[in-house]
Amino acid sequence: MSELKLQNVSKFFGDVQAVSNMNLTIADKEFLVLVGPSGCGKTTTLRMIAGLEEISKGDIFIDGKLINDLSPRHRNVAVVFQNYALYPHMSIYENMAYGLRRRKLDKDEIKRRIDEAANVLGITSLLKRRPTQLSGGQQQRVALGRSIVRQPAAFLFDEPLSALDAKLRVQMRAELSKLHDRLQSTIVYVTHDQVEAMTMGDRMVVMNEGLIQQVGAPKEVYNHPDNLFVASFVGSPPMNFVDCTLISEAENTYVVTESMRLPLSPAQVDKLKQKNVDQMVLGIRAEDLHAEPFPGDQGFPKVEMIVEVVEPLGFETHLFLSSGSESMIGRVSANFEPHSGDKLEILFNMNKIHLFDPKTGENLL
Ligand code: ATP
């Protein structure tokens, strides 16, 4: 069991409130990703859990035990940083054994733990080498091994992959997910990379300016962002946004932008009625703009748009589209090959639109 619980946790650095009244429970064996832009308070949160930063207000519990005043050594959590700082004059084996010797574990137990961790990480053949004789990815694995042998209650990762090149990052991302399946331990993973957050975690916590914006499974956050910030932060290409007004005519209600007029379903109208907002921001993801008929199309509205730029990515193509002064990005199959200047009838999947309150950012649907 290793459940982590943060209760009304805040951190002030002088006038700067780095973390504001955070409430979060990380379940035993959960892989939780903290994600958000630079300066949003992710690292500070992690450091407070590790005991490397004092908590200004609130409480942190591990398995129900209050740990606010425990020293980092006694919290039984392992932190893996981006900068893995291995001892250059020691072999890989010695690097992994160092912390265990200091804890006075016996020699056989140390060997057993290192062999097991090296096996899990696929670094058995590297144990006699020095860190300088390893690649970046191998060094990162050793840093992981060093924390695994400690058998901590939880692992705290602070952007562990950001120093690696793009290809290695993709590989290590998958390896870390596999490792989590094998170790079955609680992991808190900090990143500013929303792709890591989407692909690795059981749940993700999106933060901005010290505040939790949304907590949920990656798909849930992607499909149902709670507010404008989350909608704009999660997803690539980013969600399209256009200012719009709600207009009712006879039986129908539309969202009307400078160049578009899109009918809402009765269910959408019902939800909006309770909100009493008529100036909004329309949000729609690139994959919900269709250049061709698609299964599930329920007679959705079509908007004539001009293709400004075509970006073929091999596996799919992004289209930079315009309608009057409004621009959007669409995502189409690689087989669809329009040219810039073409006029297309773009189908809007109205079941997937979002409407946000521009003042509060709240998702109104
Ligand atoms: P990054 O992705 O850039 O590491 P982050 O989300 O991890 O960002 P934090 O490092 O937690 O953000 O910082 C949160 C806020 O607290 C920032 O405004 C930062 O400038 C401030 N901050 C962090 N550490 C200190 C410190 N020791 N003294 C003063 N301010 C600090």
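**Figure 1. Strand S3 is covered on both of its faces.** Phe31, Val33 and Val35 on one side of S3, and Leu32 and Leu34 on the other, are all buried; buried means under 20% relative accessible area, exposed over 50%, and partly exposed in between, with a 1.4 Å probe and protein chains only. Since five of the five residues of S3 (residues 31-35) are buried, this strand is largely enclosed by the rest of the structure. Helices (H or I, at least four residues) and strands (E, at least two) are DSSP runs, numbered from the N terminus. A word on the source: this is a predicted model, in which local features need pLDDT of at least 70 and side-chain atom pairs count only at pLDDT 80 or more, while totals for chains, interfaces and linings use all residues. Residues are numbered from 1 along each chain as its sequence is written, and side-chain values use heavy atoms, with hydrogens and water left out.

**Figure 2. S3 pairs with S8 and with S9.** Two strands count as paired if DSSP finds at least two bridges between them. S3 and strand S8 (residues 186-191) run parallel and are joined by five bridges; here Val33 stands opposite Tyr189 of S8. With strand S9 (residues 203-208), S3 also runs parallel, through four bridges, and Val35 has Val206 of S9 as its bridge partner. In general, strands of a sheet pair through backbone hydrogen bonds, either parallel or antiparallel.

**Figure 3. An open sheet of six strands has mixed pairing.** To trace this sheet, follow the order S6-S7-S8-S3-S9-S10. Strand S6 (77-81) and strand S10 (211-216) stand at the edges with a single partner strand each, so one side of each is left without a neighbour in the sheet. On average, neighbouring strands of this sheet are turned by 15° against each other, direction ignored; axes are lines fitted to C-alpha atoms, for helices over the stretch in contact, and angles run from 0 to 180 degrees between N-to-C directions. S9 and S10 are joined in the antiparallel sense by five bridges, and in this pair Met204 stands opposite Gly216 of S10. Helix H1 (residues 42-50) packs on the sheet and touches S3, S6, strand S7 (154-158), S8 and S9, where contact means heavy atoms within 4.5 Å. The direction of H1 makes about 150° with that of S7.

**Figure 4. Here are the residues around the ligand.** A residue is near a molecule or strand if one of its heavy atoms lies within 4 Å of it. By this rule the ligand has around it Phe13, Val16, Ala18, Pro37, Ser38, Gly39, Cys40, Gly41, Lys42, Thr43, Thr44 and Glu159. For Ser38, a side-chain N or O atom is 2.6 Å from an oxygen atom of the ligand. A polar side-chain atom of Thr44 lies 2.5 Å from a ligand oxygen atom, and a backbone N or O atom of Gly41 is 3.0 Å from an oxygen atom of the ligand. A polar contact is a pair of N or O atoms within 3.5 Å; within protein, one must be able to donate a hydrogen and the other to accept it, and residues adjacent in sequence count only if both atoms are side-chain atoms. Cys40 is buried, at 1% relative accessibility.

**Figure 5. Gln151 and Glu159 have positive phi values without being glycines.** Gln151, in the loop between helix H4 (136-148) and S7, has phi near 50°. With a relative accessible area of 43%, Gln151 is partly exposed. Glu159 sits in the loop between S7 and helix H5 (166-183), and its phi is about 45°. Glu159 counts as buried, at 12% relative accessibility.

**Figure 6. A cis peptide bond leads from Ser236 to Pro237.** Omega of this bond is near 0°. Pro237 belongs to the loop between helix H8 (228-233) and strand S11 (240-249).

**Figure 7. Gln268 is a buried residue of helix H9.** Helix H9 spans residues 266-273, and Gln268 has 10% relative accessibility. A polar atom of the Gln268 side chain lies 2.9 Å from the backbone oxygen of Met350. Not counting residues up to four places away in sequence, Gln268 touches Met350, Ile353 and Leu365.

**Figure 8. An open sheet of five strands has antiparallel pairing.** The strand order is S15-S19-S16-S17-S18. Strand S15 (289-290) and strand S18 (326-333) are the edge strands, and each pairs on one side only. Eight bridges link strand S17 (residues 316-323) with S18, and His318 stands opposite Arg331 of S18.
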